[in-house]
Amino acid sequence: MDKDTLVELDYCRIRDDIAQFCVSEEAKLALKMREPFNDTAYIEKLKNTSKDWQLLNASQYAPALLSWPEVFPVFKIIKTSGAALTIEQAHALLLFCISAKKIATAIPTAAENMTIPHLANALRALPDLTKPHAELSHIITADGEIKELPELRDIKNRIAALTKKIGAVLRAYTTDKRFVDSLESNVPVLRANREVLAVKAQQRNKIRGIIHGVSQSGQTVYIEPEEAVNASNELMQEEANLHIAIRAILRTLAATLLPFAEQFEAAYPILLHLDQTCAVSRWGIANNCSYALTCNEENPLTLLQARHPLLAEKAVPVDVRFMKGKRVLIITGPNAGGKTVALKTIALFALLNQSGFPIPAQEGSRLPIFNDVFADIGDGQSLDESLSTFSAHMKKIARAVSSCTEKSLVLLDELGSGTDWQEGSAIAMAVLDELIKKEAFVLVTTHHGALKNYGWTHERCINASVEFNSETLMPTYRLIMGVPGESRALDIAEKNGLNAEIIKNARAYIAGGKSDISALINGLHAKHAEADALLQAQEARTQLLNEMQRKVDLKSLSLRQREHELNCGAQTEAQRFLHEARSTLENLVRELREGEMTKEKTLAVRNFIDNLTESVDAQNANLEKEADALSKNAQSTSQENSLVFAPGAAVLAAASRRSGTIICASGKNKWLVQFENIKIEMKEKDLKLMPPSKHKNMPLVTIEKNDSEKQTQPAYELRLLGMREAEAIKALEKQLDLCVLHSVKNFSIIHGKGNGILQQAVRDYLSHYSAVKEFCFAPNEDGGAGKTYVTLW
């Protein structure tokens with residue numbers, strides 16, 4: 001994707017913020033180079049792994065990822081024959097192994113106690129670095145120091161002895177009273193890696209030795225006493241020997257690690273992947289983010305409570321809901337009202353999603369996958385290229401139009417501006433025509449009234465506006481879908497101090513033609529506010545129903561658990577009874593085999609069988625008694641409610657929710673039921689008895705051509721069969737108005753299949769009606785393509 005577009009949409013800033021959550025510098029640098037992907041499977045892999053991290057980091061099994069220094073260049077060194085590592089490089093490899101070992105232990109442990117399949121799957125490919133870790137830890141400590149190895153011990157002992165000897169020589173001078181007046185300091189100093197005495201220049205002849213330097217003032221001479229010269233020479237030689245020995249050890253270590261080079265290289269991208277996805281998860285938690293779902297024909301682009309991450313606490317959440325078949329969003333409204341921010345937020349979220357990042361929005365948000373993003377934002381004026389504002393706009397738009405496809409996202413800020421409004425509007429509409437023809441996904445901001453009308457009338461477009469508070473004359477920055485907005489230029493100008501007389505004259509110039517449009521837009525805003533209030537009330541009712549359902553589910557679970565406990569108790573009792581009976585029977589059989597058949601033995605067997613029979617009969621009697629009691633209770637309840645399964649009883653089919661009447665019994669626990677003009681044999685368990693007063697053996701509501709004008713209540717099943725297209729649309733229009741008036745959210749339309757004309761007319765009308773949330777064909781068992789289910793906001 002175009003890097004300038006990524007910068008323009010603030011993608012790079014957000015990506016760099018996310019990278020700061022990485023623990024290793026290599027993962028951080030790699031994440032800062034990431035650009036949006038268009039491979040859906042890989043995007044989902046990244047998001048799913050980050051989701052697993054989110055679960056893991058919130059649990060008691062959360063591991064602490066350990067950092068490591070740069071190691072990638074070291075892999076090349078250990079693959080080179082005869083090469084030697086430095087202590088820093090060996091230490092970096094050791095920390096890399098420690099990090100891999102820790103994560104390889106922590107994630108499998110967590111996976112045994114929680115569901116993190118994608119993290120566990122990523123870890124399966126991680127090579128075992130136990131052996132190279134052992135080789136490294138034998139040489140290097142976790143702090144990056146060479147261990148006390150046998151081959152270094154003698155050299156280090158000689159170095160310690162020589163250092164002690166040199167110290168003793170220097171102390172002899174600093175503590176001798178004869179040299180008190182000759183020394184500038186009684187503390188030795190270091191010059192040319194050798195310990196020397198700071199001697200006053202006038203007294204330098206009192207101490208024999210080698211002069212290693214003079215101070216800038218010339219007042220101090222640095223002398224190494226001759227007694228310490230030989231020891232210092234030997235010390236330098238031993239230190240050189242130590243360096244050679246360490247280098248030999250590190251060269252041997254590099255050769256030892258050579259067989260593990262491929263394992264290091266295989267582990268490297270896995271650890272980077274784990275570090276990066278963990279960082280993404282931590283950023284998402286810090287910014288209250290969620291992971292976007294994928295879009296399809298039935299589930300278009302949706303953003304719920306979306307917040308631009310750079311605005312932080314100042315961000316006003318916006319909702320964006322595209323309807324099925326819509327590809328162009330036209331945002332209108334006042335200056336500084338948030339149009340461009342809304343446009344950039346949608347585009348930025350698409351880029352973040354395609355990078356495997358979460359978005360600052362609520363769960364349930366959906367975003368498509370784009371191959372390219374084209375943006376015309378800002379004036380783009382350039383003196384170097386002799387481009388005016390309008391020319392700069394046209395250059396970017398021309399590139400977008402010529403290069404875009406159905407997988408492209410096109411952003412057009414202030415489309416048609418910078419020139420005569422009439423010509424600008426004409427160009428803007430022609431550009432949108434071409435983009436729609438190419439099936440591109442388009443986001444537009446504008447002040448042109450012609451584009452508001454274009455968005456209202458074109459089937460592929462949807463209008464939106466940024467809200468404006470007419471009392472405070474300030475924008476609220478909320479995005480209202482389905483309604484165009486006014487520019488409110490005069491109100492904003494007056495708010496910012498423009499002379500009142502100028503404002504008055506300006507209003508006089510535009511009075512007349514625009515007033516009707518303003519009234520229409522204001523009316524639409526009022527209806528939208530009313531619909532929004534109804535939607536909130538519906539959501540509150542839905543939450544209440546969900547809570548009631550939750551309580552019912554908990555009660556059902558409790559009953560099932562109790563039933564299970566009772567079954568377990570019965571099973572235990574049965575096993576005990578069987579065990580005792582078997583033991584008694586085995587004893588009797590053994591007695592019969594061991595001796596003669598006597599009258600006493602025969603009587604004992606007969607008594608055992610009689611006792612066993614009596615015990616079983618007693619249990620059966622108890623069960624029959626309990627069943628009889630339950631039956632009486634059930635009959636009492638049925639009599640109280642006057643609801644029994646019998647011919648003529650009103651019933652409701654549990655699956656289809658259709659009402660009917662029992663005709664007669666057709667078998668054990670089976671009944672023949674009349675549903676309108678259809679007779680169906682159904683099992684008793686699939687039927688629900690209904691009070692006779694609530695049962696009507698007729699369609700719920702039928703709208704006929706001759707009396708549709710008298711309809712005052714919305715139909716729950718609108719029948720359009722036999723109507724012409726115009727009559728059907730008129731009936732549908734009245735039905736939708738009644739549904740909005742009576743707060744009805746769901747109904748169905750029977751239009752039949754036929755040649756598809758009536759079916760298509762209904763779907764076209766529903767797609768343009770702003771109160772329609774969604775619609776779809778009914779299941780095959782309820783009419784299929786001949787019936788449409790409709791849901792309103």
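**Entry 1: α4 and α7**

I began with a helix pair in this predicted model. Helix α4 (residues 40–57) packs against helix α7 (residues 117–124) at an angle of about 110 degrees, and their axes lie 7 Å apart.

Next I looked up who makes the contact. From α4 I noted N48, T49, D52, W53 and L56, and from α7 P117, H118 and L119. Sorted by class, the contact of α4 with α7 has four nonpolar, three polar and one charged residues.

**Entry 2: the buried side of α15**

Which residues are buried in helix α15 (residues 449–457)? I found L451, K452, Y454 and G455. They cover an arc of only 160 degrees around the axis, so they sit on the same side of α15.

I then asked what the buried residues of α15 pack against. My list reads β8 (328–332), α14 (421–437) and β13 (461–469).

**Entry 3: the whole chain**

Stepping back, I counted up the protein chain and got 21 helices and 23 strands. Of its 793 residues, 40% are buried.

I also looked at contacts between residues at least 6 apart in sequence, and 64% of those join residues at least 24 apart.

Last, the surface: the protein chain exposes about 44,800 Å², with carbon and sulfur atoms supplying 53% of that area.

Methods:
Residues numbered from 1 in each chain as written. Predicted model: local features only at pLDDT ≥ 70, side-chain atom pairs only at ≥ 80, totals over all residues. Heavy atoms only, no water. Axes fitted to C-alpha atoms, helices over the stretch in contact; angles between N-to-C directions. Helix = DSSP H or I, 4+ residues; strand = E, 2+ residues; numbered from the N terminus. Contact = heavy atoms within 4.5 Å. Nonpolar A, V, L, I, M, F, W, Y, C, P; charged D, E, K, R; others polar. Buried < 20%, exposed > 50% of the residue type's maximum accessible area, 1.4 Å probe, protein only. Arc of directions from axis to C-beta. Areas by Shrake-Rupley, 256 points an atom, 1.4 Å probe, with all protein chains shown as cover.
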